[in-house]
Structures are given as C-alpha cells and as structure tokens.
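These are my notebook entries on what I looked up in the structure.

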Amino acid sequence: MNDAAPLLEPLRARLAEIGEVDVLVGIPSYNNAATIGHVVRAVQAGFAKYFPDQRTLLLNSDGGSSDGTPDVVQNASISDFQTLLAAHPPRAVHRIVTPYHGIPGKGSAVRTVFAAAREAKARACAIVDADLRSITPEWIDLLVSPVLRQDYDFVAPLYHRHKYDGTITNSIVYPLTRALYGRRVRQPIGGEFGFSGRLAEAYLEQPVWESEVARFGIDIWMTTTAITGSFRVCQAFLGAKIHDAKDPGVDLAAMLTQVVGAVFALMETHAGSWRDVSGSIPVPEFGFEYTVGLEPVRVNVERMVGIFASGVQELAEIWERVLDPETMAQVRALAAVSGDAFRFPVGVWVRAVYDFALAHHRRAINREHLLKSLTPLYLGRTASFVLETAGSDANDVEEAIEAVCLEYERMKPYLIERWEV
Amino acid sequence: MDGSFADRLLGALEAFFEGVVRFLPGLLAALLILVLGALVGWAVKAMARRLLGVARFDRFCDSAGFSSILTRADVRAKPSALLASLLFWLVIASFLMAAASALRVDVINQLIAAFFLYLPRLISALGILLVGFLLGNFVSRAALLAAVNANAPSPRAIGLVVKFLIAILSFAMALEQAEIARSIVIAAFIILFGAVMLALALAFGLGGRDVARHALERHFLKGDAGAVGDDLTHV
C-alpha cells in the first residue's frame with residue numbers, strides 16, 4: 001500500500017461520520033465557480049433519479065480555488081425535485097468539499113477521490129470535470145451503472161464532438177492507444193470516467209503520485225492502467241461535450257507536450273504489455289446514441305500550413321535526429337505544396353509519430369524539445385485533415401479517423417522492430 | 001703552478017662528478033615517476049572509457065549537440081574517446097610536473113608551484129566554457145522551437161541571437177576566471193553586450209513593430225480569437 005495517503009484529517013473524520021457508501025462521484029476543481037454549480041446539481045439529480053436507494057456521496061476535491069468554487073459547491077442545490085422526479089428522493093446526498101494533498105494538479109485531486117472511495121468502501125465511482133456545461137443527470141447513470149449493475153471496472157466516455165474538435169485525440173492519442181493496447185477506447189482522455197472500488201484501490205497502489213501523473217496526464221494514465229491491468233472496460237455514450245472555453249492563451253505546444261509525453265511515458269511503462277498485441281477489438285458500449293447539434297469551429301488552415309513549412313525549414317536539424325531518413329525526405333517534399341492542395345498523407349504521419357515515440361524512448365534529444373518539435377508536424381497533419389474532410393459529415397470524418405487507426409495498427413511492426421535496437 | 005693547475009682541474013672534475021652524482025638519483029626518480037605516470041595514465045584512460053560507455057556519455061553528447069560540433073570541426077573521434085584521452089594527458093602532465101620537481105631545480109620548482117596555483121582557475125574557466133556551450137545550445141534550441149511554434153518571423157535568427165548572447169557571457173566569465181586581461185575583458189563585454197542589446201532593441205522597434213503590436217494584442221486581448229483565427233480545442 002502507498003502510505004502517503006492523500007486524506008487530510010478533517011476529510012477522514014467526515015468520511016468516518018458518513019460511513020460506507022455505494023456510489024461516489026468526484027469533481028476535481030480549480031477556479032470553476034462559473035460552471036461547477038451546474039455540475040453539482042446534475043450529479044445531485046443523477047443520484048436522486050437513478051440511485052434513490054443507494055448511499056451516495058459527492059466529493060469536490062479542490063486545488064485551492066480563489067474564486068469561491070467551494071462555496072458554490074456547498075450552496076448548489078435543486079430547489080424543486082418534483083420537476084425531475086415523481087417522488088422526493090428518500091435518501092440525502094452526502095456532500096464533501098475538501099482541498100487535496102500533494103503536488104498541485106488534477107492527478108492529485110483524483111487521487112483524493114480514489115482514497116475517499118477506498119475509505120468509504122464505495123462500490124462504484126465516477127469523476128466528472130468541473131467545467132462541463134452539457135452534463136445531465138443521465139451522465140451519472142451512464143458512468144456508474146455499468147460498474148454497479150454490470151460488474152464493469154472502467155467506463156470511458158463517448159461523445160459527439162465537432163469534426164474538428166479533439167484533433168490531438170483523433171490523430172494521436174486514440175489511434176496510438178488503440179494500436180498499442182488493442183482496445184478501441186474512443187475517448188481515452190475524455191475527462192469523465194466511471195470506475196469500480198476495486199480499480200480505485202488498484203490505482204492507489206501505483207507508485208506514480210509523486211510523478212508527472214499527479215500534475216497532468218491522469219486521464220490517459222487511468223485508461224491505460226485499466227486496459228493493461230486486464231480490468232473490464234466499456235464506454236458509455238454521453239451525448240455532446242460542451243465545456244467552459246479554455247484560456248486562449250494556453251500554448252498548444254505545451255498542451256501537446258503534456259498529452260503526448262504522457263502517452264509516450266506510458267509506452268515505456270507498459271512495453272511488455274503492447275509488444276505482443278496486434279490489431280484491436282471493440283469495447284462494449286452503453287447509452288442511447290443520438291445526433292446533436294454542434295457549434296461550428298473556426299480553423300485557420302493557412303496558419304497551420306505556414307507553421308508546418310516553417311518547421312520543415314527551421315527544425316530540419318532536430319527532425320533529422322528523430323525521423324527515419326525516408327520519413328524525413330517525405331516530410332520535406334510535403335512542404336513544397338501549399339494552399340488547398342496541401343496534403344499530409346496518413347502513412348507519413350503515422351511513421352513520424354512512431355519515430356518520435358522511438359526517439360523519446362532512446363532519448364535522442366531532450367524530451368521536452370523533442371515533443372515541442374512535434375507541433376509543426378501535428379499542425380501540418382491537422383491542416384491536411386481539415387482540407388481532406390472539408391465537405392464531409394460526421395460519419396465520413398469518423399471513417400477517416402478509422403483509416404488513421406488502421407494505419408497505426410498496420411505499421412505497428414515498424415515500431416516494435418526498432419523499439420529495442 | 002703545474003700542481004696548482006692539476007689540483008684545480010681535478011677539483012673542477014670532482015665538483016662536476018659530485019654534481020652529477022647528486023643529480024643522478026633525482027633524474028632516475030624523475031624517469032621512474034614518468035614511467036609510473038604513463039602506466040597510471042593508461043589505466044585512467046581505460047577506466048574512463050569503460051565508465052563513460054556504461055554512462056552512455058556519447059548518447060548524452062549526441063543529445064546535447066556536442067557530437068555535431070565535433071563532426072563539423074572534422075573531429076572523427078567519439079566524445080568518450082576524446083575525454084578519456086584528455087584525462088590521460090592530464091595525468092601525464094601532472095606526473096611530468098612531479099618528475100620535474102624531483103630534479104630539485106629551483107627555477108623549475110617555482111614554475112611548477114605557479115602552475116599548480118593557477119590550475120584551479122584554468123579548470124573552472126574551462127568548466128564555465130563547457131557549461132556555457134551546453135546551456136547555449138539548450139536555450140537556443142528552446143528559443144528556436146518556441147519561435148517556430150508561435151509562427152514568429154525569423155526563428156533561426158532568434159535562436160542564434162540567444163546562443164550568441166550566452167556564448168559572449170560565458171566567454172567573458174571564463175576569461176575573467178582565468179585572469180586573462182581582466183579589465184579589457186570586462187570593458188569589452190560591457191560594450192559588446194550593450195551594443196547587441198541596443199541593436200536588438202532598434203531592430204525590434206524599427207523592424208518588428210507589427211510583431212510587437214500583435215504580441216501585445218494577443219497578450220491583452222485574450223478573448224479576441226480573431227487574432228489567431230482558430231477555435232480548435234485539440235484535446
């Protein structure tokens with residue numbers, strides 16, 4: 001057991017007072033006063049509507065918000081349950097607001113939820129982001145019921161998103177995770193998850209809580225650990241995911257570094273698990289799938305192609321140490337075309353991602369520099385994807401993403417052959 | 001007179017032989033020290049090569065950009081072999097000093113004492129140069145990457161300027177540490193650094209007004225997505 005248990009004494013005392021619970025929903029937060037009230041009410045309504053006979057607990061694990069987030073959580077409530085339910089819920093929802101212990105970051109907040117789940121002997125748990133605007137009470141049912149009633153250990157979310165939304169997920173994280181571990185978890189870094197008490201216990205035992213996982217990368221870590229640990233994994237369709245607008249000042253290169261760095265680091269940890277996997281299998285799905293209207297997304301393709309061309313011109317010295325000579329020659333050739341005719345073939349992209357994973361593995365250059373140098377290539381591929389699918393509907397786009405996934409699977413031997421050389 | 005000449009000759013020869021006899025043990029000791037130095041040098045070299053191999057020193061030099069500098073300078077040896085050779089010659093030099101000291105010649109002893117007093121400064125100056133080189137490479141690459149990813153104009157020039165500034169700083173610090181033309185070095189550094197900064201300020205002010213305006217707009221008008229034109233959330 002990891003002795004550095006993240007439960008502060010007041011939280012432990014409060015949990016002892018409440019006793020055992022059946023369902024626990026955790027909400028990690030940091031300065032989410034504008035949105036967290038809606039999330040808390042949705043969770044409360046979800047408990048009342050779908051788990052009226054269960055002992056339930058809502059736990060807000062806060063990272064020291066200065067905008068009054070904890071007060072919003074304490075005060076948020078549904079004034080009139082009759083609009084939601086035929087009868088008033090028979091059980092009260094326990095609610096705890098607590099700061100977390102450890103390195104600042106979502107990972108430490110989630111760890112507190114795991115520890116609380118262990119302390120309260122929760123049978124089924126879920127985590128939902130505090131910035132969600134589209135969460136409904138049904139999300140709680142969809143994330144918790146597969147665990148509580150079908151004995152699944154991990155429930156990943158399935159969303160409908162705009163065709164150009166989540167491009168890092170679509171071009172790197174989903175296809176790479178799928179090719180590596182052989183499970184088709186469509187949103188491995190979705191942010192909302194359901195999990196069993198057994199899995200929460202297993203998460204807590206992992207010696208990662210003083211590492212980068214505590215800061216960022218907790219989502220992909222949870223998904224990968226569940227898959228590689230042979231836990232029963234499924235996914236639930238939650239509808240549209242609309243969350244608070246991210247700070248536009250957030251640097252794409254930093255975000256890409258964090259996300260891809262976490263995936264590559266997990267490749268190292270689980271090298272023994274993925275080398276013998278070929279192809280992939282679907283995971284069971286829950287929920288009623290329906291189409292949703294999505295807000296249009298503006299994309300500046302010209303700027304993306306410009307950054308890609310600048311990368312080819314300026315970063316050749318770095319890329320030559322990372323990319324296979326054949327891949328490098330292909331990448332150079334791509335920069336000769338601009339405008340709407342620009343294309344970044346999926347085969348070249350997948351080889352480039354595998355070359356970056358290999359360079360990360362053998363520490364060809366400083367890892368942060370390596371990951372930051374991926375940004376122009378990623379933007380080139382994203383621009384190409386936007387141009388290729390300009391006239392496509394959601395289904396066509398999903399087929400295009402499927403083609404990317406199949407290419408990752410087809411080229412996996414390329415990665416395996418070079419991994420230990 | 002004859003007797004006196006013969007006595008003098010014999011006396012001189014006697015003094016010479018006495019000198020030789022006094023000098024010979026020192027010379028022999030010096031030769032022995034040199035042989036021992038060569039043996040220790042070879043042992044240090046072999047051990048260093050093995051340890052550097054285990055520590056993957058060549059790979060570190062590759063990632064730090066040191067190997068590419070050597071290649072550009074047409075040095076074909078591996079960095080680990082170079083460092084091992086450097087250690088070998090350091091050992092040889094140290095034993096050479098000890099051997100010279102064993103000869104018990106005052107002038108040589110004074111020179112050796114002065115050299116050993118200066119050696120720490122020389123080593124720290126070389127250390128400063130090495131750290132400056134590694135830091136310059138690292139920071140200039142970080143600046144180049146940041147400039148490319150931000151779609152800034154002339155990213156390579158930005159990287160080179162950063163590298164040049166760090167090189168100037170470390171070179172001046174190294175010369176100052178080695179006590180070579182101290183006052184001239186400090187004066188030259190101040191003038192050169194000031195000139196570079198002024199040139200940069202002028203270049204940015206005159207040539208990069210638009211860049212500065214865009215940068216300030218992006219910083220202060222964060223909500224204005226039109227500055228970039230993307231709504232992509234990426235993850």
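**Entry 1: one lysine.** I looked up K49(A) and found 17 C-beta neighbours inside 10 Å, so K49(A) counts as partly exposed. The rule I applied calls a residue buried if 20 or more other C-beta atoms lie within 10 Å of its own, exposed if 12 or fewer, and partly exposed in between, with C-beta atoms placed from the backbone. K49(A) is found in helix α2 of chain A, residues 33–50.

**Entry 2: basis of the notes.** The model is predicted, and local features need pLDDT of at least 70, side-chain atom pairs count only at pLDDT 80 or more, and totals for chains, interfaces and linings use all residues. Residues are numbered from 1 along each chain as its sequence is written, while chains are lettered from A and ligands numbered from 1 in the order in which they are written. Helices (H or I, at least four residues) and strands (E, at least two) are DSSP runs, numbered from the N terminus.

**Entry 3: the sheet of chain A.** I traced an open sheet of 8 strands in chain A, in the order β3-β2-β1-β4-β7-β5-β8-β10, with mixed pairing. Two strands pair if DSSP finds at least two bridges between them. Which strands stand at the edges? They are β3 (94–99) and β10 (285–286) of chain A, each with a single partner strand, so one side of each is left without a neighbour in the sheet. Strand β2(A), residues 56–62, runs parallel to β3(A) and is joined to it by 6 bridges. I noted that S61(A) has T98(A) in β3(A) as its bridge partner.

**Entry 4: helices of chain A.** I found helix α4(A), residues 106–119, lying across β1 (23–29), β2, β3 and β4 (124–127) of chain A, at about 160° to β1(A). Axes are lines fitted to C-alpha atoms, for helices over the stretch in contact, and angles run from 0 to 180 degrees between N-to-C directions. Helix α5(A), residues 137–150, runs at about 25° to β7(A) (193–196), one of the strands that it lies across. Among the buried residues are D219(A), W221(A) and T224(A). Just after α8(A), S230(A) takes a positive phi of about 60°.

**Entry 5: chain B.** I counted 8 helices and 0 strands in chain B. Buried residues make up 16% of its 235 residues. Helices α4(B) (79–102) and α5(B) (106–149) pack at an angle of about 150°, with axes 9 Å apart. They are therefore roughly antiparallel to each other, a term used for angles over 145 degrees. The contact (C-beta atoms, placed from the backbone, within 7 Å) is made by M97(B), A100(B) and S101(B) of α4(B) with I108(B), N109(B), I112(B) and F115(B) of α5(B).

**Entry 6: between the chains.** I found 22 residues of chain B in contact with 35 residues of chain A. Helices α2 (57–64), α5 and α6 (155–177) of chain B each give two or more residues to the side of chain B that touches chain A. α5(B) gives the most, with 7 residues.

Technical notes: Parallel < 35°, antiparallel > 145°, perpendicular 65-115°, else oblique. Contact = placed C-beta atoms within 7 Å.
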